[in-house]
Amino acid sequence: FNLQYKFPDGFPNTRILIDLSGSMSGRQADEVLEAAGALQTLVNAEVWCYNRNQGKVNLVRMDEGKLIHRFIPDGDTPSGLAIVGVSIGMKKNGLVIHLTDGQHNVGQMPWNANWILKENGIELVNLIWGSATGAYNYDGMNWKKLNGLAEFPEALYQILVEQVKLVRIG
């Protein structure tokens with residue numbers, strides 16, 4: 001990915017948000033963590049994860065500017081709240097890349113979060129590892145369904161091409 005594409009104005013200030021609720025387990029969680037680690041290395045992004053356990057929403061920074069730490073998938077999926085929470089403190093033209101299985105099940109809808117981020121000049125990209133796209137299939141939302149890690153670079157390229165004027169080298 002980093003050898004095939006360049007970012008003319010630099011990659012935007014980015015935060016990667018990972019759904020690590022109970023539905024994100026096994027191979028799916030491993031693939032999402034691997035994708036986030038690869039992307040973090042490429043663009044030097046912060047990596048966050050979220051879930052909800054015992055009525056408490058957990059939004060945890062998984063990196064310390066280096067490698068991703070392990071976080072066990074568990075609990076509910078408060079996607080909308082996590083998306084807004086991770087965007088706090090970001091400046092205009094920032095980017096949140098949300099890696100999820102699409103199974104939002106508690107709190108504000110992702111569409112509401114998308115609207116809040118747009119109002120603040122922050123773009124949201126949702127990459128869905130799974131078949132639950134209903135919470136993301138609304139006008140104005142950027143999302144792409146993936147069938148596995150092999151589709152990650154191309155899916156990310158397709159979504160970002162308009163937002164950061166991504167161009168192919170050579």
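1. Basis. The model is predicted, with local features needing pLDDT of at least 70 and side-chain atom pairs counting only at pLDDT 80 or more, while totals for chains, interfaces and linings use all residues. Residues are numbered from 1 along each chain as its sequence is written, and side-chain values use heavy atoms, without hydrogens and water.

2. Elements. The protein chain holds four helices and eight strands (DSSP runs numbered from the N terminus: helices are H or I of at least four residues, strands E of at least two). Their order from the N terminus is β-β-α-β-β-α-β-α-β-β-α-β.

3. Burial. Of the 170 residues in the protein chain, 47% are buried (under 20% relative accessible area, 1.4 Å probe, protein chains only).

4. Strand 5. This strand spans residues 95–100, and six of its six residues are buried. Leu95, Ile97 and Leu99 lie on one side, with Val96, His98 and Thr100 on the other. In a regular strand, side chains alternate between the two faces of the sheet.

5. Neighbours of strand 5. Strand 2 (residues 14–19) pairs with strand 5 in the parallel sense over five bridges (pairing requires at least two DSSP bridges); here histidine 98 is the bridge partner of leucine 17. Strand 6 (residues 123–129) also pairs with strand 5 in the parallel sense, over six bridges, and its leucine 127 stands opposite leucine 99.

6. Crossover. Strand 5, helix 3 (residues 110–119) and strand 6 form a right-handed β-α-β unit: with the strands pointing away from the viewer, the path from the first strand over the helix to the second runs clockwise.

Key: Buried < 20%, exposed > 50% of the residue type's maximum accessible area, 1.4 Å probe, protein only.
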